[in-house]
Amino acid sequence: MAATKSSPSASDYLFSLVWIGAALYGVAFFLQNAYNIRLQAIDEYGPVIHEFDPYFNWRATQYLYENGAKKFFKWFDHMVWYPLGRPVGTTIYPGMQFTAVFIKNYIMGDKMSLNDICCYMPAWFGVIASFLVGCIAYEASLEGNSMTIFGVLLDALTGHYTDDAKLSTEKPTGYYKLSSYIGLYSPAIECAVFAMGFMAVVPAHLMRSVGGGYDNESVAVTAMSLTFFLWMRSLRSNQKHSYLFGILAGVAYFYMVAAWGGYIFVLNLIGAHAALLVLLGRFNTKVYLSYTLFYVIGTSLAIQVPVVGWTPLKSLEQLAPCVVFLGYQALQYCEIMRKRNNWSRGQAWKFRIQVGLAALVALVVVVMSVTPRGYFGPISSRVRGLFVPHTKTGNPLVDSVAEHQAASQQAYWQYLHILCFLAPLGFLFMLFRFGDSASFLLVYAFAAYFFSHKMVRLILLTAPIASSLSGIAVGRLVAWCLSAFMEDSDTKNSTTKKKVDENGKPKASKKKEKKSSSDEKFAGITAIQNGFDEASKSTEGKIVKGIASIVILGSLYYQATGFKTYSWQISKGLSNPSIILKGQMRDGSVVTVDDYREAYWWLRDNTPADARVMAWWDYGYQITGIANRTTIADGNTWNHEHIALLGKALTGSEEEGYQIARHLADYVLVWGGGGGDDLAKSPHLARIANSVYRDHCPGDVTCRAFGFVDRQGTPSAMMERSFLYKLHSHKLRPGVEADPTKFQEVFRSKFGKVRIYKILGVSQKSKKWVEKNRECDAGGWFCPGKYPPGLNDILRKKKDFAQLEDFNRGASDEEYQKEYFENLNNPELARKKADLQRQKEGREEESKPKIISDERKVEIYSTWEDTEDTTLMWKIVSSNAVEDLERWLKQDPGAAWIRSADGRGPMWWAFESKNQDIVTILMKMGVPHTDKDKNGFSPVDLLKEA
């Protein structure tokens with residue numbers, strides 16, 4: 001007699017509705033939080049674009065909107081990188097610009113200005129990214145992911161393939177069955193909801209998605225999350241045609257390519273996962289079709305993006321996924337032959353080896369034939385820097401960027417907070433709920449941690465994976481806790497009414513017939529698990545489970561509340577647009593410092609339309625975006641030699657800088673006012689200049705002779721006579737005045753943050769020569785400019801910078817690179833060389849210890865900022881380099897009082913590293929050990945934590 005299928009009761013449906021209602025409320029609540037937390041900047045400052053790069057993105061968006069796509073891709077901008085210019089449309093990732101224009105034309109229309117759309121887009125896409133991360137967690141938590149990593153590894157070793165779709169045949173019971181009536185699955189829904197909640201407010205994502213932060217990453221994280229979700233979706237085990245989602249994954253990848261250069265990470269990550277599936281013995285037709293469709297469609301579309309072109313098939317950074325793709329074709333061919341000929345395992349492996357060797361030989365022949373022709377593209381400095389410490393890229397321009405520094409454990413806590421603990425727990429859960437889709441998170445977790453550890457900027461990449469794993473951990477815990485309070489009617493019925501066969505004997509469970517070979521080998525562990533399950537069903541077990549559930553839920557609620565509060569506090573700092581500042585006057589009143597925009601508006605309103613402005617490259621985007629004036633360089637940094645020329649002008653002598661500037665610019669804009677102003681950045685400028693003009697700092701490749709000699713801001717001889725120092729400190733420091741025959745100060749901002757000088761005696765001959773000597777190609781739009789003849793004497797001294805990756809050009813500069821690395825690895829030696837240089841110039845420093853006033857100590861101690869000095873101090877203290885510290889403090893006792901942006905200084909680091917000798921030195925100098933840092937921790941507290 002056939003068994004009748006029990007129908008769900010009315011109470012079951014009611015519980016299902018309550019459950020799905022709670023889930024939907026959670027989704028709405030978290031997504032609303034995601035939106036609100038990203039609008040703090042707009043709520044306080046209005047729709048203002050932030051930072052530097054977003055102003056370039058805004059200007060490109062405006063050009064696209066006003067001129068259309070055809071002109072955009074043929075846009076050669078002569079207002080940047082003067083006199084060379086730059087082909088903008090073919091050298092940027094235009095996905096974000098096209099998205100903004102699409103929203104303006106087809107969604108918002110006249111309801112919102114293009115500027116406002118650009119300001120709100122990061123918040124909109126931040127919400128979408130939060131939802132997609134929830135989808136990733138859901139996909140990784142479905143019942144198809146029911147294997148264990150140990151079982152999968154054992155299957156791979158024994159050559160057995162387990163169909164994970166057939167493992168979960170047991171129907172969900174109790175709390176877990178509530179979602180089954182509406183086609184969903186618990187605890188996957190809980191995992192998804194909490195993953196959304198974490199992604200909504202995690203600072204690692206907020207750092208690139210606050211309102212006004214119109215930068216590529218704000219859109220790219222969403223595109224990346226969509227690509228990852230669709231890739232995982234294509235591997236879902238219980239659907240025959242799920243591989244078709246590989247097509248959508250390829251399209252999503254195309255959008256990622258168009259939006260951000262970080263698409264290389266996405267491509268390699270999916271390629272690495274595809275390779276891992278082979279190693280785990282999970283290769284089958286569905287996996288083959290998923291990756292093949294993704295790679296073919298994604299690559300075919302990616303090469304349509306002008307800035308990318310054929311690099312997916314030529315660049316060494318992107319060839320690994322191509323090799324995986326070719327390997328998949330060979331493996332699939334072997335599988336077809338195995339099935340057709342019904343080969344044994346040994347015969348199949350023999351054929352695979354033969355095919356693999358033949359493919360390897362063919363690949364070697366192809367590589368050897370095209371390599372001499374320069375077919376393969378190099379590995380860039382930034383990518384190479386991910387595999388070596390950031391200070392050893394060999395490129396002073398790359399090394400000068402703070403975001404390229406290695407991440408510290410403190411940085412992880414700052415941007416991930418409690419996710420630092422929850423994500424590993426979710427990772428552990430995933431190992432015991434393993435599957436083809438879930439295994440992707442394994443690869444993602446390792447890759448994200450590795451690369452973010454190498455470069456602090458890439459902590460951004462950890463936001464989706466940390467949120468997904470944390471959501472999985474909390475979701476499973478919450479589901480387990482709630483199940484403790486639900487009456488398990490199925491279990492109750494099964495204990496009072498056992499199924500029997502025709503002879504009255506209990507029927508065997510069908511699920512036993514569907515166990516994998518790996519499950520059988522772990523029968524002992526399964527027996528222990530079953531024992532715990534039976535114990536939890538007893539009266540005492542239910543009481544213990546209920547108490548444990550209450551404790552866990554209460555703890556999770558407490559931690560979640562703290563995390564939310566922390567994230568909102570961090571968001572407030574991240575929401576500062578940097579171009580507008582809040583300052584506190586001596587009387588306690590708060591004022592808005594809008595010096596930077598005022599300076600740009602002054603340029604726009606008071607200078608000729610063809611005026612050229614010289615400034616350090618950081619500000620180029622803002623000058624063209626707001627002032628609409630021509631700049632010498634900007635943040636694109638595509639031409640190392642040109643930036644070196646700018647650096648030489650700014651850090652060379654006043655006369656030398658003037659002779660360069662008069663041929664290139666009409667005005668000079670200088671940032672002052674302390675903090676991260678131009679003088680603070682200038683040592684980097686000198687190093688970059690010296691990488692091309694080796695006479696700039698003779699015998700000193702890292703230009704240690706250019707800089708401050710103490711904490712009081714005393715300049716070295718080279719800095720004191722520099723073009724930049726004269727303009728920066730003009731009439732502000734005793735005896736410092738720019739040559740009135742060469743420069744005229746025409747603007748000083750309200751709070752002294754920006755000064756603008758008019759260059760006297762500008763070479764109009766050079767200006768006219770540049771206009772008349774642009775060379776256009778056959779298309780008529782690509783028209784790069786040339787340097788005027790007036791700079792020939794300077795340009796003859798340059799030596800094109802040969803980066804380590806320039807092997808295709810046969811270029812090298814071993815002597816420079818060797819000395820550069822030596823100086824970076826041994827700053828003490830470099831400092832001694834700089835001292836010798838100062839001695840030659842008659843500026844030998846006094847050997848007696850210096851003394852600073854109490855007022856100066858308070859001033860230094862009250863200034864919290866991340867600088868080269870704080871980085872160096874942390875390294876010295878954490879490595880217990882007592883002698884180096886003593887030498888430093890002898891020359892500059894104020895260094896004992898420096899503090900980084902988080903409020904910590906050498907005393908905190910000494911306690912944290914348990915360096916008693918350094919603690920003693922600092923205490924003798926009067927440095928306190930009970931003051932609090934930004935998070936309320938004193939140095940003594942760090943010792944207790946350790």
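**Close-up views of a predicted model**

By the distance rule used here, the count comes to 25 salt bridges. The model is predicted.

**Panel A. Arginine 338 and glutamate 335 meet in a salt bridge.** The N to O distance between the two side chains is 3.1 Å. Both residues belong to helix H13, which covers residues 319-341. They sit three residues apart there, so about one helical turn separates them. How exposed is arginine 338? Its relative accessibility is 26%, so arginine 338 counts as partly exposed. Glutamate 335 has a relative accessible area of 15% and is buried.

**Panel B. Aspartate 605 forms a salt bridge with arginine 604.** The closest N and O atoms of this pair are 3.0 Å apart. Aspartate 605 has 52% relative accessibility and counts as exposed, because the cut-off for exposed is over 50%. Arginine 604, at 38%, counts as partly exposed.

**Panel C. Aspartate 666 forms a salt bridge with arginine 612.** Here the closest N and O atoms lie 3.1 Å apart. Which parts does the pair tie together? Aspartate 666 lies in the loop between helix H28 (654-664) and strand S7 (667-671). Arginine 612 is in strand S5 (residues 612-614). The pair therefore links parts that are 54 residues apart in sequence. Aspartate 666 and arginine 612 are both buried.

**Panel D. Arg208, Asp215, Glu217 and Arg457 form one salt-bridge network.** These residues are joined through salt bridges that share partners.

**Panel E. Strand S7 is largely enclosed by the rest of the structure.** Why is S7 described as enclosed? Five of its five residues are buried, so the rest of the structure largely encloses the strand. Both faces of S7 are covered. Tyr667, Leu669 and Trp671 are buried on one side. Val668 and Val670 are buried on the other.

**Panel F. S7 pairs with S5 and with strand S9.** S5 and S7 run parallel and are joined by two bridges. In this pairing, methionine 614 stands opposite valine 668 of S7. S9 spans residues 754-759. S7 and S9 pair in the antiparallel sense, over five bridges. Valine 670 has arginine 755 of S9 as its bridge partner.

**Panel G. Arginine 433 sits in the loop between helices H18 and H19.** H18 covers 419-432 and H19 covers 438-454. At 38% relative accessibility, arginine 433 counts as partly exposed. Where does serine 141 lie relative to arginine 433? The two are 292 residues apart in sequence, yet 7.5 Å apart in space, C-alpha to C-alpha. With neighbours within four places in sequence left aside, arginine 433 is in contact with Ala140, Asn145, Ser146, Met147, Ala438 and Arg476.

**Panel H. The structure holds two cavities of 30 Å³ or more.** Rolling a probe the size of a water molecule over the atoms shows where empty space remains. The largest cavity contains about 70 Å³ of space. Which residues are closest to its centre? They are Gly144, Asn145, Arg236, Ser237 and Ser437, out of 12 residues that line the largest cavity. By class, this lining has two nonpolar, six polar and four charged residues.

How values were computed. Residues numbered from 1 in each chain as written. Predicted model: local features only at pLDDT ≥ 70, side-chain atom pairs only at ≥ 80, totals over all residues. Heavy atoms only, no water. 1 Å grid on protein atoms, 1.4 Å probe; cavity = no way out; pocket = protein on both sides within 12 Å on 5 of 7 lines; lining within 4 Å. Points joined across faces, edges and corners; volume = space filled by probe spheres on them. Nonpolar A, V, L, I, M, F, W, Y, C, P; charged D, E, K, R; others polar. Salt bridge = Lys/Arg side-chain N within 4 Å of Asp/Glu carboxyl O. Helix = DSSP H or I, 4+ residues; strand = E, 2+ residues; numbered from the N terminus. Buried < 20%, exposed > 50% of the residue type's maximum accessible area, 1.4 Å probe, protein only. Pairing = 2+ DSSP bridges. Contact = heavy atoms within 4.5 Å.
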